[in-house]
Every structure is written in structure tokens, then in C-alpha cells.
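Here is a short briefing to read with the model open beside you.

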Amino acid sequence: MKYRSEDIFTPQGFLADVEHNPNLDFLMNIYNIPRAFGVSGFGGNWNVGRHSVATAFVALYWSKYNHFSPEKRDRLTTQALLHDLHEAVTGDILPMFKARVVKNQLAKIQENILQALEVHFDKNLEKDLKICDLVAFLYEIKQVSPSILNPKKLQLATTITQKQQDILFEYGQEMGIRKEKIKKFLKLLDI
């Protein structure tokens, strides 16, 4: 039996029937999708919806921090809010498991949903969006509550936090954003 992404069930029906015309139930399903970070045992009650809203808030702060025009701020914030809509049907998948074929299929689903909403992502904001996404994830990690009475769990949480900071700084460096600038931004957000 061959499985096809079009055969995925959604709150609105089959994906093939709804990704070009999603209703509110379909979109709001992101609040029912747990974050994959939860597999580490520290996920708490975070879901894709909360992550998306956090990313949008970070986008507002990033825009202010960088003195973006109101139009650029609004585009970035919209993109941040909508960046994981495909996860309403696919779930949140850890990045290391997203093979090229999976990434391509996720991108197709995401693009179909965005087209249905008449939203077009600005490619010039990709690096800013990724910074906001990574910062929101770092914020999410720092919101978890490992048992402070269990030094191994506390050490693991610290290690995860440091690794995510390293990923953020490395991405920034690759995109030409100085580490010091990102550190100042994190300090501004108290992350």
C-alpha cells in the first residue's frame, strides 16, 4: 500500500481537499500539535500554536530592534505567525528527520495553505524569520521546568539551552549577523 500526503486526515477532511481552502478549524489545529521538543522530556505544555505566537512576538521585537519600517515589521510578523501552518496536519518534526523529500512535501503543503490565505512570504525576510524562529525556540526551552532537585535533569536542560544558543549564533554568523548583535537582542528580551 502506498501512502500519499493527500490522504492525511485533517479536522476539515482529507488534506487534498482542504489545503487549498482551509477553514478555521484546520488552522487552529496547530494548538493541538505538541512541539517535537517534548521528546526530550522537557516539552511542558508547548504546542505549535504557542510557538507560532511566540515567534510572531519575537518578530515584533526584532523589527523594533532593527528599526524596520512598519510595512516590513508587519510582513515579518505575519510570516512568523504563519511559518508552521503545515504542522497542523503533519505534526512537528525534528529538523534532523526532515529528509529532502520530506522538506519538499512540507514546503508544498505550506505554500498551498499560504496561497489559499492569499499570503506571500517575502524571501528577503527569510533570515530574519529564521532568527525569530530560533529565538522563540530558545525562549521555549528556557520556559521548561526540569526538577532542580535532580542535577542530571538540570544539567541536561542547561546543555540543551547552550546547544540552541550555539545554533542561533552559528546561523547568525552564516547570514552575516554578528553574534554580539544577537546577544544584545537576547538580553533585551531577557532570554
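A residue is called buried when its relative accessible area is under 20%, exposed when it is over 50%, and partly exposed in between, with a 1.4 Å probe and protein chains only. By that rule F185 is buried, at 0% relative accessibility.

This is a predicted model, so local features need a pLDDT of at least 70 and side-chain atom pairs count only at pLDDT 80 or more, while totals for chains, interfaces and linings use all residues. Residues are numbered from 1 along each chain as its sequence is written, and side-chain values use heavy atoms, with hydrogens and water left out.

**Annotated domain**

- An unreviewed UniProt entry places the feature "domain: HD" at residues 47-124; UniProt positions follow the numbering used here, feature names are shortened, and annotations may be inferred rather than shown by experiment.
- Residues 47-124 are 67% helix and 0% strand, with the end C-alpha atoms 28 Å apart. Helices (H or I, at least four residues) and strands (E, at least two) are DSSP runs, numbered from the N terminus.

**Rings and charges**

- The whole structure holds five aromatic pairs. Rings of Phe, Tyr and Trp (its six-membered ring) pair if their centres lie within 6.5 Å, and planes under 30 degrees apart count as stacked, over 60 as edge-to-face and the rest as tilted.
- Y65 and F185 have ring centres 5.1 Å apart and planes at 45°, so this pair is tilted.
- That pair links distant parts of the chain, since Y65 is in helix α3 and F185 in helix α9 (residues 179-189), 120 residues apart.
- Y65 is partly exposed, with a relative accessible area of 22%, and ring pairs join W62, Y65 and F185 into a cluster.
- R50 lies over the face of W46, 4.4 Å from the ring centre, and the charged end of K72 sits over the ring of F68, 4.1 Å from its centre. A charge sits over a ring if NZ of Lys or CZ of Arg is within 6 Å of the ring centre and within 35 degrees of the ring normal.

**Pockets**

- On a 1 Å grid over the protein atoms alone, a pocket is an open set of points where a 1.4 Å probe fits, with protein on both sides within 12 Å along at least five of seven lines; lining residues have an atom within 4 Å of a point. Grid points are joined across faces, edges and corners, and a volume is the space filled by probe spheres set on the points.
- The largest pocket has a volume of about 1700 Å³. It is lined by 43 residues, of which D84, P95, K98, K130 and D133 are the closest to its centre.
- Its lining divides into 19 nonpolar, eight polar and 16 charged residues. Here Ala, Val, Leu, Ile, Met, Phe, Trp, Tyr, Cys and Pro count as nonpolar, Asp, Glu, Lys and Arg as charged, and the others, Gly among them, as polar.
- Helices α6 (100-116), α7 (126-142) and α8 (151-174) each supply at least two residues of the lining of the largest pocket.
- The second largest pocket has a volume of about 160 Å³, and its lining has nine nonpolar, no polar and no charged residues.

**Backbone**

- Most residues other than glycine have a negative phi.
- H67, in the loop between α3 and α4 (70-82), has a positive phi of about 55° and is exposed, at 72% relative accessible area.
- E118, in the loop between α6 and α7, has a positive phi of about 60° and is exposed, at 67%.
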